[in-house]
Amino acid sequence: MNVIEVEELTRNFGRLAAVDKVSFNVPEGEIFGFLGPNGAGKTTTMNMLCTLLRPHGGRATVGGYDIVKQRSEVRCAIGMVFQDPTLDEYLTAEQNLRFHAYAYNVPREVREKRIGELLDLVDLSDRRKSKVRTFSGGMKRRLEIARGLLHSPRVLFLDEPTLGLDPQTRRHIWDHIMALREQHTLTIFMTTHYMDESENCDRISIIDRGRIIALDTPGKLKDALGGDVVTLKAEDNDAAARELKEKFGLSPALQNGNITFSVPQGDKFLPKLVGNFDSPLVSLGVRRPTLDDVFLKLTGRAIREEGEAGLKEQMKGMMRGMRGHGR
Amino acid sequence: MEEVLRGTWVVWYRELIRFVQERSRMFSSFAMPLLFLVIFGAGFNRIIGAITPGVNFVQFLFPGIIAMNTLTNSVMSGLSVVWDREFGFLKEILVAPLGRSGIVLGKALGSATIAVAQGIIMLALAPMLGVSLTPMLVLKLIPMLAVLSISLSGLGVLIASRMRSQQGFQIIVQAIIFPLIFVSGVFFPVNNVPTWLAVISKLNPLTYGVGAIRDLFLGGGAMPVGVANPIGVTVLGHTMSIKEDMLIVAVFGAIMLAVAVWAFNKQD
């Protein structure tokens with residue numbers, strides 16, 4: 001069953017189509033990732049799905065409810081973790097959660113119990129009575145995840161949940177997200193521009209300039225590139241290249257003093273190679289293609305090319321639009 | 001409907017927690033009116049003499065200061081909306097299943113609760129100033145301060161709904177709202193001023209709020225025919241009663257709240 005159904009969803013900021021006829025479905029229980037550079041339309045899509053922004057075209061349902069006509073049903077069915085913190089820093093962790101419980105009408109019998117459980121889940125029980133302004137960035141994010149789950153939503157939206165956090169904290173946040181999957185029949189919709197993180201998703205949709213340009217499991221997206229990348233260096237590269245051609249029927253390329261080639265399954269190929277290769281080897285490596293390679297192949301750009309002038313201008317325009325229309 | 005009520009209640013609840021926890025704000029909200037009362041009172045009391053028989057300047061000023069305290073604190077409650085927008089918490093409120101109008105009402109009721117409590121606390125000064133208090137006066141004062149405060153909070157939230165920064169909000173308040181408060185008769189009787197000031201004052205809805213509260217404390221004294229009563233507000237020869245004053249404030253407040261709800265709903 002699909003928890004999120006999106007058909008040709010569109011939103012413009014001025015003349016720029018920030019989200020341009022985007023369509024996709026997310027089945028229940030999936031971790032669905034929205035991957036793309038800054039300004040690609042990830043947050044705008046999310047803001048429409050969570051009823052904060054009206055779409056200019058298309059339709060979408062979340063939990064079976066229409067995001068325009070049944071806003072309050074949608075709001076009850078979703079938990080949100082926004083990109084920027086949305087906690088009241090002058091209240092304690094507990095007070096923030098309690099406010100949320102009142103706002104979502106969490107029944108009194110379960111309220112305190114769930115607050116305790118969720119604080120345990122995100123390892124903040126010992127900071128229960130501390131003011132949020134004394135929290136680190138990672139702690140705030142964890143508290144927001146706990147808060148987003150307090151009213152037992154069907155979908156948890158995470159907008160760049162690890163942005164601006166150090167690597168250790170990022171991994172910590174991911175541990176929590178993965179733990180959630182085991183405890184709930186929860187669907188997670190997340191946006192990210194970290195390639196390595198999106199590998200944790202069941203499926204990812206790559207979005208660029210307001211359009212979805214690919215949607216599949218991380219594995220299949222990478223398989224579509226034609227297997228693994230093997231890099232080797234021999235004492236005599238020319239002789240080694242000749243041998244690769246003759247013995248294995250490969251078409252190796254010489255690059256920066258290394259020989260590289262693609263094989264469908266690198267892990268199976270390497271033992272065969274090492275077992276009966278005659279030229280003396282200096283080094284040998286195999287790597288899976290990354291989603292960076294996928295994005296590069298689909299768009300001709302690396303995902304982090306954010307300095308590009310045109311894109312910067314687009315983003316400025318978008319920010320202006322969002323300020324004018326946002327809250 | 002249920003969502004509007006829940007919105008009102010949770011927003012009201014948070015306003016109160018925030019107020020109780022910020023002791024500095026509680027203290028500073030009393031500092032200004034006390035300063036006005038003490039400095040202006042000491043400075044002018046002897047020169048000005050009796051405003052009406054039996055009412056000296058400090059006694060005249062006292063109800064005005066109570067009203068002014070309510071007005072400023074209520075308008076400034078809009079600042080918390082801007083604050084919440086700047087620090088993101090507004091998103092948490094807006095994405096929750098709460099009625100938008102409830103959010104505005106919750107802000108207004110929150111500031112009204114605080115204003116009433118502050119007004120009551122300020123009454124402790126009355127005996128020192130020779131202003132007599134009766135239980136009836138206190139009972140009547142509570143709903144009057146509440147209506148005044150809800151109206152002005154509506155205005156505050158309305159301004160806040162167009163504002164993205166706290167500085168912007170404070171500039172608007174200092175440029176428009178404080179002058180309105182100054183000409184509302186807090187410091188002087190509006191019936192005895194040059195015509196231009198009288199016109200501004202009597203077009204200003206806040207004047208009637210100040211007038212009503214002063215009338216509650218000091219009213220009742222009959223004046224000789226032909227002499228403008230410095231206590232009430234006289235419009236076109238008619239001296240407004242407390243009820244008439246409050247009606248004007250209530251109508252003004254209802255309009256402000258309605259427009260604030262509309263403006264709050266519109267931003268999308």
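**Figure 1. A salt bridge between A:Asp88 and B:Arg14.** In this predicted model, the side chains of A:Asp88 and B:Arg14 come together in a salt bridge, with an N to O distance of 2.6 Å. Chain A and chain B have three salt bridges between them. B:Arg14 is also one of the residues of helix α1 of chain B that meet helix α3 of chain A.

**Figure 2. The interface of chain A and chain B.** On the side of chain A, 32 residues are in contact with 29 residues of chain B. About 2900 Å² is buried between the two chains, and 57% of this area is on carbon and sulfur atoms. The salt bridges between chain A and chain B number three, and the pair of A:Asp88 and B:Arg14 is a salt bridge that joins these chains.

**Figure 3. Packing of helix α3 of chain A with helix α1 of chain B.** Helix α1 of chain B covers residues 2–21, and its axis is 9 Å from that of α3(A), at an angle of about 160°. Angles over 145 degrees count as roughly antiparallel, so α3(A) and α1(B) are roughly antiparallel to each other. Their crossing is right-handed. From α3(A), the residues A:Gln95, A:Arg98, A:Phe99, A:Tyr102 and A:Ala103 meet B:Arg6, B:Trp9, B:Val10, B:Tyr13, B:Arg14, B:Ile17 and B:Gln21 of α1(B). By class, seven residues of this contact are nonpolar, two are polar and three are charged.

**Figure 4. Packing of helices α3 and α4 within chain A.** Helix α3 (residues 93–103) and helix α4 (residues 108–121) of chain A have axes 11 Å apart and pack at an angle of about 135°. The two helices are therefore oblique to each other, and they cross in a right-handed sense. A:Leu97, A:Arg98, A:Ala101 and A:Tyr102 are the residues of α3(A) that meet α4(A), where the partners are A:Arg111, A:Glu112, A:Ile115 and A:Leu119.

**Figure 5. Packing of helices α4 and α9 within chain B.** The axes of helix α4 (residues 78–86) and helix α9 (residues 166–182) of chain B come within 9 Å and cross at roughly 165°. The helices α4(B) and α9(B) are therefore roughly antiparallel to each other. Their crossing is right-handed. On α4(B), the contact is formed by B:Gly78, B:Leu79, B:Val82, B:Trp83 and B:Glu86, and on α9(B) by B:Gln166, B:Phe169 and B:Gln170. Four of the contact residues are nonpolar, three are polar and one is charged.

**Figure 6. A salt bridge within chain A, between A:Lys42 and A:Glu160.** Over all chains, the structure holds 25 salt bridges. In one of them, the side chains of A:Lys42 and A:Glu160 meet at 3.6 Å, N to O. A:Lys42 belongs to helix α1 (residues 42–49) of chain A, whereas A:Glu160 is in the loop between β7 (155–159) and α6 (167–183) of chain A, so the pair ties together parts that are 118 residues apart in sequence.

Methods: Residues are numbered from 1 along each chain as its sequence is written. Chains are lettered from A and ligands numbered from 1 in the order in which they are written. This is a predicted model: local features need pLDDT of at least 70, side-chain atom pairs count only at pLDDT 80 or more; totals for chains, interfaces and linings use all residues. Side-chain values use heavy atoms; hydrogens and water are left out. Axes are lines fitted to C-alpha atoms, for helices over the stretch in contact, and angles run from 0 to 180 degrees between N-to-C directions. Helices (H or I, at least four residues) and strands (E, at least two) are DSSP runs, numbered from the N terminus. Angles under 35 degrees count as roughly parallel, over 145 as roughly antiparallel, 65 to 115 as roughly perpendicular and the rest as oblique. A crossing is left-handed if the near helix is turned anticlockwise from the far one by less than a right angle, and right-handed if clockwise. Contact means heavy atoms within 4.5 Å. Ala, Val, Leu, Ile, Met, Phe, Trp, Tyr, Cys and Pro count as nonpolar, Asp, Glu, Lys and Arg as charged, and the others, Gly among them, as polar. Buried area is the accessible area (1.4 Å probe) that two parts lose on being put together, summed over both. A salt bridge is a side-chain nitrogen of Lys or Arg within 4 Å of a carboxyl oxygen of Asp or Glu.
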